[in-house]
Amino acid sequence: MAIDAPATRPENPRFSSGPCAKPPIFELAKLADAPLGRSHRAAVGKAKLKSAIDGTREILGIPDDYRIGIVPASDTGAVEMAMWSMLGARGVEMLAWESFGAGWVTDVAKQLKLDATVKTADYGEIVDLASVDFANDVVFTWNGTTSGVRVPDGEWIADDREGLTICDATSAAFAQSLPWDKLDVTTFSWQKVLGGEAAHGMLILSPRAVERLESYSPPWPLPKIFRLTKGGSLNEGIFVGETINTPSMLAVEDYLVALDWARSVGGLKGLIARADANTKAVVDFVEMRDWIDVLPRDPATLSNTSVCLKFTDPRIKDGAGFARAVAKRLEGEGVAYDIGAYRDAPPGLRIWCGGTVETADVRALMPWIEWAFETEIAAHS
């Protein structure tokens, strides 16, 4: 039976998993200090870029001997840069449990043509982490943005590993604790957990990754935007703000504003607490209903950012169509934008719960999901 629409609406209906909600304090006027019309090579531009790098190190607790660079093409560009520049020196093990991880597998196998060991898991599951051979380089996503599954911790990564770990952390950075001593290459984009603008990626290198770059030259040609070395040595300029190509200084300013906001809510600890509270609001709702569930099968692997849900009611015959209809109803009411499951994922909903989202908005959304479900069931009946 259809139910009445809830009385309370989320103040901010933006629950997209990328680009994600801006920080709650955001307004365009806060970007007024952006050095627009100035060269990124000028002193003011370099200072802004260096501040973005230093702020990232400060809030994420990245060790002083790790390099941090701002690179082109968002997280995708950062991951590709790492794989094309470093893989091939030893065996490769590719781990995938969602679409982006599967994309890295395709690039390594079909573009780089490396004979990689590939381990995959269905949506909602994760590969057997205990079986990973760290004599190889290992490429994986920390948090599956399209599956809602994350690695539970870094204990499965060997301290005495011979290969490098290359970690796509784009929907984990600033919401989950990353063990830097276990990660040799880490990437993310501004558009995820801090709600930044697109097109800029972050590349974080451990000393072991730098050693690989300086001791190994891949057998394939590298385009200019992938080149991290010059004359056999690391191009240190990239890691102090001398970007390979021209960045958007407006987007840089936006990232700096987001970093300031992150400091105001308690830094990484505060951001994690906000994401955890948002996720708890979703899980508490789901646990009280028998027609909806989270996609991950193991609670230890449940993401606290991209929370993926599936409808389980046996009356639903066309899962994909039903989920699209529910998402459309929610968007039509102006209470939730862009929360349909990713196109390659099982049918359902995907609610972004990163720290820029207010818990009150998540709580206000959940009765609307029930309303949309019941209304759609009634329409089909």
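Which residue in β12 is the bridge partner of Val307? In this predicted model, the partner of Val307 is Ile351. The pair belongs to the contact between strand β11, residues 306-311, and β12. Four bridges join these two strands, which run antiparallel.

β11 and β12 are part of an open sheet of three strands. The strand order is β10-β11-β12, and the pairing is antiparallel. β10 (292-294) and β12 (349-352) are the edge strands. Each of them pairs on one side only. On average, neighbouring strands of this sheet are turned by 30° against each other, with direction ignored. A helix packs on this sheet: α8, residues 359-380. Helix α8 touches β10, β11 and β12. The direction of α8 makes about 165° with that of β12.

Strand β2 (residues 92-96) belongs to a parallel arrangement. Toward strand β4, residues 137-141, the pairing is parallel and spans three bridges. Toward strand β3, residues 117-120, there are four bridges, and the strands again run parallel. Met94 takes part in both pairings. In β4, the bridge partner of Met94 is Val139. In β3, the partner of Met94 is Val118.

Five of the five residues of β2 are buried, so the strand is largely enclosed by the rest of the structure. Burial holds for both directions in which the residues point. Val92, Met94 and Ala96 point one way. Glu93 and Leu95 point the other way.

The cysteines were then considered. The structure holds zero disulfides. For Cys20, the closest cysteine sulfur is that of Cys353, 11 Å away. A disulfide requires sulfur atoms within 2.5 Å, so this distance is too far for a bond. Cys353 is likewise in no disulfide. The cysteine sulfur nearest to that of Cys353 belongs to Cys308, at 10.0 Å. Are these cysteines buried or exposed? Cys20 has 6% relative accessibility and therefore counts as buried. Cys353 has 0% relative accessibility, so Cys353 counts as buried too. The cut-off for burial is under 20% relative accessible area.

Definitions and conventions: Residues are numbered from 1 along each chain as its sequence is written. This is a predicted model: local features need pLDDT of at least 70, side-chain atom pairs count only at pLDDT 80 or more; totals for chains, interfaces and linings use all residues. Side-chain values use heavy atoms; hydrogens and water are left out. Two strands pair if DSSP finds at least two bridges between them. Axes are lines fitted to C-alpha atoms, for helices over the stretch in contact, and angles run from 0 to 180 degrees between N-to-C directions. Contact means heavy atoms within 4.5 Å. Buried means under 20% relative accessible area, exposed over 50%, partly exposed in between (1.4 Å probe, protein chains only).
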